[in-house]
4 protein chains.
Amino acid sequence: MIETTIIEKRRPKKLNNAVLITGLPGIGLIGQVVGRYMVEELKATKISNLISPHFPHQVFMTKKGGLRIIKNSFYLVKRKKRDVVILLGDIQAMSSPGQYEVAGKVIDYCKKLGVTEIITVGGYSTGKIETDRHIHGVATSLKLRKKFVKLGVVFGEARGSIVGAAGLLPAFAKMYELDGACIMGETHGSYVDTTAAKQIVILLSKYLGIPINIKRLDQRAKESQRILQKVQEEVQKTMEQQAEAATRSVSYIR
Amino acid sequence: MIETTIIEKRRPKKLNNAVLITGLPGIGLIGQVVGRYMVEELKATKISNLISPHFPHQVFMTKKGGLRIIKNSFYLVKRKKRDVVILLGDIQAMSSPGQYEVAGKVIDYCKKLGVTEIITVGGYSTGKIETDRHIHGVATSLKLRKKFVKLGVVFGEARGSIVGAAGLLPAFAKMYELDGACIMGETHGSYVDTTAAKQIVILLSKYLGIPINIKRLDQRAKESQRILQKVQEEVQKTMEQQAEAATRSVSYIR
Amino acid sequence: MIETTIIEKRRPKKLNNAVLITGLPGIGLIGQVVGRYMVEELKATKISNLISPHFPHQVFMTKKGGLRIIKNSFYLVKRKKRDVVILLGDIQAMSSPGQYEVAGKVIDYCKKLGVTEIITVGGYSTGKIETDRHIHGVATSLKLRKKFVKLGVVFGEARGSIVGAAGLLPAFAKMYELDGACIMGETHGSYVDTTAAKQIVILLSKYLGIPINIKRLDQRAKESQRILQKVQEEVQKTMEQQAEAATRSVSYIR
Amino acid sequence: MIETTIIEKRRPKKLNNAVLITGLPGIGLIGQVVGRYMVEELKATKISNLISPHFPHQVFMTKKGGLRIIKNSFYLVKRKKRDVVILLGDIQAMSSPGQYEVAGKVIDYCKKLGVTEIITVGGYSTGKIETDRHIHGVATSLKLRKKFVKLGVVFGEARGSIVGAAGLLPAFAKMYELDGACIMGETHGSYVDTTAAKQIVILLSKYLGIPINIKRLDQRAKESQRILQKVQEEVQKTMEQQAEAATRSVSYIR
């Protein structure tokens, strides 16, 4: 496998004005917690997996004695008004060329599916614990900005840059003539923030016009954190072993 | 050479329900010892070499005054019941993109040959010396799991991740609609483990229904270790020289 | 996106013997200050954006709540005598393969547009503050050299190498049968040098036969410096976070 | 430019059983000194340049005010018996994938030209100063080995590996059904060794059946060393600046 590849379980019929919501690891783990919660609460169906040479070269052993490659997956929720696609993932690509490649594949696939809008979810790190937290946003069109402003999202106050898919996907959306936005929960940045995740689930529930019960979020966020931590520890361990192998001569070449 | 390339010495006729066994360097050197021993004991015939830009850019000088590029090789054992292909190698690819590329090429080639099952061999590092050692396994299908359970392989107890080809190949097998498993000998992790290798040879002998004498394994494992150590030292030396050249200004640009 | 891509806003009609001037970040920020000033003073029209997987994987949030991907852009000034294309950019590619890829794409695009000459602008670092500063040049043809000598540019006195697009683009120009030169303001090297930038604007004004008022340069150079610093800080911050994440286990995988 | 590219000045008619001799930087600078000396003494004609994204992204300023990209070049000596192609270069590719790519392009081009044999020249580092020095060799065929044994080259005594093009090119030659050998002068390893270079020039003179006067070698070796040192210093300086920029926040993004 030389290029990032999307392996479809089944190609759904042309979607109805669909919106993509991303649930990838990032600041405060907000995106991933939101994405995983929505997949579970909305009983979304997995439609495809995305595998990439820019992800780590390791697979996880499951409790049942199976194995699971590190991947991102697309899920679908069919709705009368507009369909929702959710991109959920263990990890993001580990280099700039990898990030651009994956983002390009995601946008191509979205266009094929009939997605017309890309909403990424992330965290906006403030380094402190806020009592009155905002949800910040950036968007590619005035129209989309207005919709989110009505729902209380703050535009033009966040400073700096957005790293990874949360920024690249809406930027690519614009280039490929789709609408795009990134919605960021204000967060400390160094711990998993379920409060911010809840705020965003409520926001997206209103935005998409889909009722989502947030009762189980706390519990499920812990599950998200547990999985992410496992992934992170394994990737970390491998990197450390390789760094060690590169300086000393202790481990076999692999 | 821009992509990993498999150079065939001769293309065998469509194989009979063949199984691929891997013998690549990894934890406790178990995979490589098992693979090399089976190639020798079963008098397997080399059918192709795999060369990759993701292997180190160096060649070994032989005692006869020849030269040998760092490579992986495919060997074939023709059997009435089912044919066996063994992948033996000096090294694994040195980056994630390299690992994915090589694994993809191996699977493509296996499909062309008529391989239907991929069994990788590795070590499961416990960091201690066990008196009663298990063989751990993960598999892509319940059917394959059951076959190995009957032979005493333990599923669902090993934790964490499998790094490199031992994990990627069965994961890719699944994606390409082949069966796959990884069989791991329990081992300390920081020395060559011929006891674990013997266990696996006995297991594979039963699994494949091929009698394999394990008398000479100890002696040959030493030979494997010697070769691997030579490869490792040379690659290490080159890396250190390049690291040194990158910080000081002592060696010529090469 | 796997390769560097130029996204055209509009393809202009075949240009009239056009010259490309580059305004990219580099020593003393001279190139970027000159490029940005010329784009503004000459009211150049943006004709395309260049996006590259070899740029950092981050986007900037704008004051209006929009987002802006890191990019280079081509601007056009239509003139009776000869048209001028200006390449302005936030950044240069972050690796050698990236630099070669971007330079190749720029030259291909220039040939399509009808550009016949490539003039890159850079700084020549002396490590001290000169009272009587030269403008140094290198050129691919004697003809071009002579033109610049007449305008006071010094050839054959600068020593060493030119790093990045300022050197690669004229070298590529030669290979693709275009004329090329690099014009370098003598500068200390460790601060933004608007005096050197002014000298180059005056030189290019004469060379191109286009009057350019340099009154507003000081003020606008400050703006350039502010933008560059923001880009640099954000890229730096991300790199540090990733370096930290690679050694400790503190931040989420992204 | 995405792939290593060979730009032909002129394509010579199909060569007569030609042999390629390499003159690239490496241990003791022997290869480059030999190659450069032969190009000059035999008045070889440049037929093409090889440019690669795996070379550093910098160009050299010439004394005449021109610029010269870092490159390798092919030179041709037409001879009655057999033609000689010499590959001379400033540098070798800076990564394993780069080394494999460049070696592949060199072999492809050689096959097009009608080259039938690849002889690389390198150094064999002993870490001490030998009074009675050998020339060591490795070769892909017994026939070639015998020819060099007759001329006093020692086979089967050198140990370890050959790094870079000196090893990859003969290994690739074999895969592409050409003959190949690497000829190495015994040398200390940490200084430029003109004595070893002389030995190799005399050897190649005999092997090729071409008289080559070695009187001017000492003087010209100093020139080789001077050029290489300049290249090395510039590349080194750039790498250090980039390493510094990656850890502190001092230099502009380039």
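Analyst: The questions below concern how the chains of this predicted model meet and how they are related.

User: What makes chain A and chain B partners in contact?

Analyst: Contact requires heavy atoms within 4.5 Å. By that rule, 34 residues of chain A are in contact with 48 residues of chain B.

User: How do you know that there is no contact between chain B and chain C?

Analyst: The rule asks for heavy atoms within 4.5 Å, and no contact joins chain B and chain C. Their closest C-alpha atoms lie 14 Å apart. For chain A and chain D, likewise, no contact is found, and the closest C-alpha atoms are 14 Å apart.

User: How is the size of the interface between chain A and chain B expressed?

Analyst: The size of an interface is often given as the accessible area lost when the parts come together. Between chain A and chain B, about 3,400 Å² is buried, and carbon and sulfur atoms give 63% of that area.

User: Which elements of chain A supply the side that touches chain B?

Analyst: The elements that give two or more residues are β4 (58-61), β5 (67-69) and α6 (217-247) of chain A. The most comes from α6(A), with five residues. Sorted by class, this side of chain A has 18 nonpolar, eleven polar and five charged residues.

User: How many salt bridges and polar contacts are counted between chain A and chain B?

Analyst: A salt bridge needs a side-chain nitrogen of Lys or Arg within 4 Å of a carboxyl oxygen of Asp or Glu. Between chain A and chain B the count is zero. A polar contact needs a pair of N or O atoms within 3.5 Å, and twelve residue pairs are in polar contact between these chains, both residues being at pLDDT 80 or more.

User: Why are β4(A) and β11 of chain B called paired strands?

Analyst: Pairing requires at least two bridges between the strands. β4(A) and strand β11 (residues 161-163) of chain B have three bridges, so they count as a pair, in the antiparallel sense. Within this pairing, Phe60(A) stands opposite Ser161(B) in β11(B).

User: What is found where chain D touches chain C?

Analyst: The contact takes 35 residues from chain D and 48 residues from chain C. These chains bury about 3,400 Å² between them, with 63% of it on carbon and sulfur atoms. On the side of chain D, α6(D) gives the largest share, five residues. Strand β11 (residues 161-163) of chain C and β4(D) run antiparallel and are joined by three bridges, with Ser161(C) opposite Phe60(D).

User: What rotation superposes chain A on chain B?

Analyst: A rotation of 90 degrees, with 0.0 Å of shift along its axis, superposes chain A on chain B at an RMSD of 0.0 Å.

Note on methods: Residues numbered from 1 in each chain as written. Chains lettered and ligands numbered in written order. Predicted model: local features only at pLDDT ≥ 70, side-chain atom pairs only at ≥ 80, totals over all residues. Heavy atoms only, no water. Buried area = accessible area lost by both parts, 1.4 Å probe. Polar contact = N/O pair within 3.5 Å; in protein donor to acceptor, adjacent residues only side chain to side chain. Helix = DSSP H or I, 4+ residues; strand = E, 2+ residues; numbered from the N terminus. Nonpolar A, V, L, I, M, F, W, Y, C, P; charged D, E, K, R; others polar. Least-squares fit on C-alpha atoms with pLDDT ≥ 70 in both.
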